[in-house]
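Here is a short tour of a protein model.

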Amino acid sequence: MLFNSAEFLLIFLPVVVALFAVVRRLAPAPVLVVLLLLASLIFYGVWDWRFLPVLVLSIAGNWLIAGRIATAPPAQRRGWLIAGIGLNLAALGWFKYALFVAGVLRDLTPLDPALGAIVLPIGISFYTFQQIAYLVDVGRDPATLRDPLRYGLFVSFFPQLIAGPIVHHREVMPQLAGLGRRPLLPDLAVGLAIFTVGLVKKLWLADSFARIATPLFAAAADGEPLGLIPAWAAATAYGLQIYFDFSAYSDMAIGLARMFGVLLPINFASPYKATSVVDFWRRWHITLSRFLRDYLYIPLGGGRVPPWRRRVNVLLTMLLGGIWHGAGWTFALWGALHGVMIVIAQWWQARPGHRPLPDVPARLLTLTLVLAAWVPFRAADLSTTLAIWGSMAGLDGSGLTWPAPAPFPVLAAYARLLGIAPALPAVLAVLALGLTIVLAAPNTQTLFRDWTPGLTSQGYESGIASRRVAWRPSAGQAALVGLALGLCLLKLNDVSEFIYFQF
Amino acid sequence: MSPSSSISSSEAGRWLAVVAAATLLAIVAICVLNWWGVSKGLVGWEATRLQREQLRKIEGAPRIDVVLLGDSTLGNAIDARAWSEATGLQVLAVPLTGRYGYEGSLNLLRRVADRHRPQIVVVMQALDMPTRRVSWEGLLFTAARWSDLDGAPLWKLVPPLANLDLTFGMIETAARPERPVLFDARGYVPQVPVKQRQRVAGPSEVLDPADIRPEKQRYLREIGALCERIGARCVYLHGPYPSPACEASRAYRAAADRFVRGAGLDVAPGTPICLPAEAVGDAEDHVHPALKDQYSELYRLAAAAVAPELRLRSPAVAGSRTGTRARHLR
């Protein structure tokens with residue numbers, strides 16, 4: 001079930017909220033935990049019932065191993081921890097990387113591993129990371145909270161199960177003990193408002209930029225030279241698409257969890273306003289960054305090792321972060337590219353007498369680099385990546401003629417009426433609007449800053465700016481939210497998946 | 001994060017009530033606007049424009065002896081003027097698309113019956129039509145009055161209207177007041193030119209009788225009942241289907257014939273006509289435009305087997321039209 005589908009919005013969510021409202025009056029928190037756990041398993045099973053045993057087995061297996069880690073003598077604890085992490089990585093490796101590795105072996109060696117079709121269980125990358133973090137923390141502190149039902153719900157809680165945020169057990173499990181104690185209606189109101197912001201981002205913004213990016217990347221994959229302007233338009237459109245798509249999912253997850261009185265961590269803090277690539281990673285997919293920091297970069301030595309070693313660790317962390325997104329050379333290249341940019345930025349900033357660039361050029365430079373780096377993330381393969389980068393460098397002309405069908409027929413029709421060639425101005429106007437929104441409009445946590453929209457992560461940006469615009473429970477804003485919700489419901493015939501579902 | 005402000009439950013309740021009311025209002029307003037746009041033919045979709053043009057043909061016809069109702073398989077295979085010439089009857093074809101289903105054909109027949117008394121009603125739909133879902137949008141968009149909705153549940157009728165694509169279609173139409181002519185010389189929407197043709201994945205699989213939906217018969221039965229009320233003979237033609245899946249769907253074809261007869265219509269023997277690869281047009285159940293005359297004649301011959309009024313007025317015309325292509329008849 002997609003959050004932006006009629007089944008979810010008109011059946012699943014109202015039924016679960018109604019049951020939650022009734023049960024919280026009659027039963028204590030553990031019953032509500034069971035209710036939400038069952039709802040989450042149904043939510044997951046509706047995707048594809050074959051994946052449900054994988055999820056249940058993963059939760060049960062990790063729970064049992066956590067128990068062994070907690071109760072084992074200190075000398076054996078490490079062994080159980082390594083076994084637990086190994087099993088999680090093996091499962092992730094099998095489902096996500098086996099076909100890729102087999103392909104590489106086939107290409108580079110005489111080996112020909114015969115693997116059938118392996119279907120990736122949706123959300124496995126997210127719930128595996130959450131559980132690895134839990135095992136590590138139980139290993140560090142055996143007194144870590146261990147309650148099977150709350151653990152099951154912490155992993156499977158449907159708002160964040162499929163595409164994060166990657167929540168930490170210390171953030172969520174204590175809240176689950178108090179389920180139903182907060183007044184329901186205020187949380188429903190704030191949660192619905194945040195959810196609607198996410199829905200608008202997905203249906204009205206992300207999917208619009210996809211209409212520009214998808215045909216251009218497809219044309220490039222077919223060997224069509226894009227030209228300078230369409231190539232930059234493709235990179236920019238995809239950068240906007242993935243931001244609005246993924247931050248929409250995070251907003252929707254945060255809003256949904258809030259409807260049940262649970263606060264989730266903030267995942268985005270206006271990343272395209274970053275003044276360096278290092279800053280970008282304090283604002284983009286924050287919960288993945290902090291997982292990689294806490295469970296990979298710091299265990300590798302963090303800042304306690306010599307500079308050259310730290311640089312290698314950064315490169316390795318970002319490379320693995322790239323590969324976490326998908327089994328393919330393009331994701332590895334994207335991760336490595338960010339690793340190199342971070343190392344250069346850190347070196348630049350550490351120079352004696354370093355004077356930082358003023359904000360505007362720093363933001364512009366960072367945005368340009370990040371947009372260019374999205375190309376391998378989206379492109380079908382490395383050769384398409386190189387072709388688009390070539391076009392972005394002006395190697396095949398300015399591209400004043402649009403190499404793909406006009407993406408906005410309504411805008412194109414009006415442009416034609418004005419005697420303007422339809423595709424280019426419509427696309428540039430839409431991209432300019434998108435960039436204005438990401439650079440100048442308040443983000444979700446700024447809009448809801450008075451209502452604790454989510455949890456912040458230490459060492460990361462909150463993204464909260466002081467603005468006049470803020471959400472208030474006024475009749476006017478209710479009408480606006482209702483109108484936005486109505487316009488989103490009227491667009492449900494045109495539903496597309498979230499990009500991060502594939503990861 | 002700044003400290004959380006508070007909101008009382010009653011305040012939140014009122015806020016949620018206003019959200020619900022505004023949401024409902026937005027949906028109702030768009031549904032009403034779309035309904036108006038569809039009824040006026042202002043929606044940019046070619047399908048609704050086609051519907052509007054077909055309604056105009058019905059309103060403008062001085063006399064209708066034979067009416068041909070159906071989907072694009074009809075529009076691409078039969079030329080009504082050739083049937084008129086061959087039979088000496090006033091034949092009017094008002095094909096829509098498969099999206100309208102039997103439901104759209106029923107409402108078009110109702111509109112014909114309001115003004116005319118046809119002797120013969122020919123329904124021709126894609127061979128797989130009995131396997132498709134009931135087309136609530138077909139029923140809704142072609143309805144001239146509330147009774148045409150046949151008590152269809154409201155929750156089935158709202159989704160086709162609660163759709164911003166229709167609204168955007170109207171906005172787009174407003175920017176293009178002069179639209180190209182819809183019909184080609186043979187009376188239907190021109191096929192996609194060969195150079196731009198990307199063969200649509202069509203219904204080329206072997207059809208399974210188990211896929212027939214019994215609920216789909218409801219509106220076909222109403223067509224049969226309406227034919228009886230107005231004293232017309234109701235003939236059913238299965239649209240062409242590509243070889244070899246066509247021949248291999250023998251069990252399905254027999255079940256589909258029973259399905260149609262059960263609704264009170266006479267199935268013309270020899271249909272569907274199986275299409276060899278060279279006779280396929282821009283979709284797998286569309287006859288190639290160059291062969292429309294021949295297939296039109298073949299279908300007339302098939303229909304004439306159950307409706308003698310459709311026999312040739314002058315035998316000289318027959319040979320020139322059918323030629324050797326009669327071998328395609330089953």
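Across the interface of chain A and chain B, 3 residue pairs are in polar contact, both residues at pLDDT 80 or more. A polar contact is a pair of N or O atoms within 3.5 Å; within protein, one must be able to donate a hydrogen and the other to accept it, and residues adjacent in sequence count only if both atoms are side-chain atoms. Which elements of chain A give two or more residues to the side that touches chain B? They are α9 (184-221), α17 (409-417) and α20 (475-489). The largest share, 11 residues, comes from α20(A). Helices (H or I, at least four residues) and strands (E, at least two) are DSSP runs, numbered from the N terminus.

This is a predicted model: local features need pLDDT of at least 70, side-chain atom pairs count only at pLDDT 80 or more, and totals for chains, interfaces and linings use all residues. Residues are numbered from 1 along each chain as its sequence is written, chains are lettered from A and ligands numbered from 1 in the order in which they are written, and side-chain values use heavy atoms, with hydrogens and water left out.

Back to the interface. The rule finds 0 salt bridges between chain A and chain B (a side-chain nitrogen of Lys or Arg within 4 Å of a carboxyl oxygen of Asp or Glu). In contact (heavy atoms within 4.5 Å) are 40 residues of chain A and 31 residues of chain B.

Chain B itself has 13 helices and 7 strands. Of its 330 residues, 55% count as buried. Buried means under 20% relative accessible area, exposed over 50%, partly exposed in between (1.4 Å probe, protein chains only).

Now the rings. Over all chains there are 50 aromatic pairs. Rings of Phe, Tyr and Trp (its six-membered ring) pair if their centres lie within 6.5 Å; planes under 30 degrees apart count as stacked, over 60 as edge-to-face and the rest as tilted. Two tilted pairs follow.

| Pair | Centre to centre | Angle between planes |
|---|---|---|
| Tyr134(A) and Phe154(A) | 6.5 Å | 45° |
| Tyr243(A) and Phe244(A) | 5.3 Å | 55° |

Tyr134(A) and Phe154(A) are both buried. Tyr243(A) is buried too, and so is Phe244(A).

Charges also meet rings. The charged end of Arg351(A) sits over the ring of Trp348(A), 3.9 Å from its centre. The rule asks for NZ of Lys or CZ of Arg within 6 Å of the ring centre and within 35 degrees of the ring normal.
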